[in-house]
Amino acid sequence: MMKKRMMRLPRCARNDEFMESGRSMIEMLAVLAIVGVLSAGGIVGYSKAMEKFKAYKTNATVSMIMANVRTAYSKLNDFSGLDTTMAAKLNIISKDMMNSDNTKIVNPFKGLGLVGAVDLNAADGGKEKGAFAISFDGIGRKYCNEVISSNWGDLEEFVGILIDDTDAGATIPSEAIASGTLTNGEIGSKYFPLPPTSVLELCGEKNTVTWFYK
């Protein structure tokens, strides 16, 4: 009788299986690495998109407050009595934009904000409470740069912007800046838009930005 022989896989077949298994593991690791890179890129992209959204929302918020103040005081000679609390009572600022005690605005960058009447300086007629200010703190360098690069000077009502790169907090100055000013963070309307060299010199890591209107 012939003896039965056990069949064995050729050595090359076993090697192929081992190599195939190794390739599968490497491919899986490569896929995981790609997913990780894409996820990181997604986070960066999301962060950039959020910053753009906050910048757009801040511009829209300032423009809305400006328009609402001017409408509310259109039949008056000045802006006497205007402050943040009064603005909330007159619905110049919506309640969902206010902090818990209705004394300050919560701006899109999660900083605080104020609005209030200021004296219009001699360069613009020297009128007491003839202007008003909108002040936001917690503004980062990137948006600060965008603000002062924009052509705000197209609006007749616009007086100027004050940049405080120490971010000491939102505040309403006693007087609007002179429209002809370009010193110490004061930027009069006629200087907008600013050249890039001036932009880089004015904004710090965190800033308080104050807009003036008449």
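This is a predicted model: local features need pLDDT of at least 70, side-chain atom pairs count only at pLDDT 80 or more; totals for chains, interfaces and linings use all residues.
Thr210 sits in strand β7, which covers residues 206-213. A search through the whole structure turns up one disulfide, and the cysteines that form it are Cys144 and Cys203.

- Is Thr210 buried or exposed? Thr210 counts as buried because its relative accessibility is 2%, and the cut-off for buried is under 20%.
- The side chain of Thr210 makes a polar contact with the side chain of Ser135, at 3.0 Å.
- Leaving aside residues up to four places away in sequence, Thr210 touches Ala133, Ile134 and Ser135, then Gly160, Ile161 and Leu162, and also Thr171 and Pro173.

**The disulfide**

- In general, a disulfide is a covalent bond linking the sulfur atoms of two cysteines.
- Here the sulfur atoms of Cys144 and Cys203 are 2.0 Å apart.
- Which parts does the pair tie together? Cys144 is in helix α3 (residues 141-149), while Cys203 is in the loop between α4 (196-202) and β7, so the link joins parts that lie 59 residues apart in sequence.
- The torsion about the S-S bond is about -75°, which means the disulfide is left-handed.

**How buried the cysteines are**

- Cys144 has 0% relative accessibility, so Cys144 counts as buried.
- Cys203 is buried too, with a relative accessible area of 4%.

Definitions and conventions
Residues are numbered from 1 along each chain as its sequence is written. Side-chain values use heavy atoms; hydrogens and water are left out. Helices (H or I, at least four residues) and strands (E, at least two) are DSSP runs, numbered from the N terminus. Buried means under 20% relative accessible area, exposed over 50%, partly exposed in between (1.4 Å probe, protein chains only). A polar contact is a pair of N or O atoms within 3.5 Å; within protein, one must be able to donate a hydrogen and the other to accept it, and residues adjacent in sequence count only if both atoms are side-chain atoms. Contact means heavy atoms within 4.5 Å. A disulfide is a pair of cysteine sulfur atoms within 2.5 Å.
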